[in-house]
Amino acid sequence: MGGKCPHRHVKKRRYSHKTARRTKFLLQKPAGKMNQLPVDEDLPGMGQYYCLHCDRYFANVAVRDEHFKTKRHKKRMKLMTGPAPHTQLDADLAAGMGMPDNGPKLMSM
């Protein structure tokens, strides 16, 4: 009764087909020169390969492009493009500098 499932190879084929289709819909980067960063000898890759979202420098283009495909980078990018966690009004209200809250108005008779 044991052994491998006879339909196991079909499942593997299905996954490879999905990943092959997924690459068709990735956004292509515009062909052109990227903004050059100032050269810094102390940073990896002379400071030329930088990820703004993750605040990391990379040794070369290949490593940076691999980083752009990672789950950690995609999560940070989604977090940064979302709504701001706090505004100046929130900070003022928390510090007690916002509009005064005098409670409900009572009816005078």
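1. Salt bridges first: there are two of them in this structure, a salt bridge being a side-chain nitrogen of Lys or Arg within 4 Å of a carboxyl oxygen of Asp or Glu. Keep in mind that this is a predicted model, where local features need pLDDT of at least 70, side-chain atom pairs count only at pLDDT 80 or more, and totals for chains, interfaces and linings use all residues. Residues are numbered from 1 along each chain as its sequence is written, and side-chain values use heavy atoms, with hydrogens and water left out.

2. Arginine 64 is buried at 12% relative accessible area, while aspartate 65 comes out partly exposed at 25%. (Buried is under 20% relative accessible area, exposed over 50%, partly exposed in between, with a 1.4 Å probe and protein chains only.)

3. The other pair is lysine 69 with glutamate 66, and here the closest N and O atoms sit 3.8 Å apart. Both of these residues, lysine 69 and glutamate 66, are exposed.

4. On annotation, an unreviewed UniProt entry puts "domain: C2H2-type" at residues 51-73; positions follow the numbering used here, feature names are shortened, and annotations may be inferred rather than shown by experiment. In the model, residues 51-73 are 48% helix and 17% strand, with 9 Å between the end C-alpha atoms. Helices (H or I, at least four residues) and strands (E, at least two) are DSSP runs, numbered from the N terminus.

5. Helix H4 covers residues 88-95, and zero of its eight residues are buried, so it lies largely in the open. Glycine 96 follows H4 and has a positive phi, near 85°.
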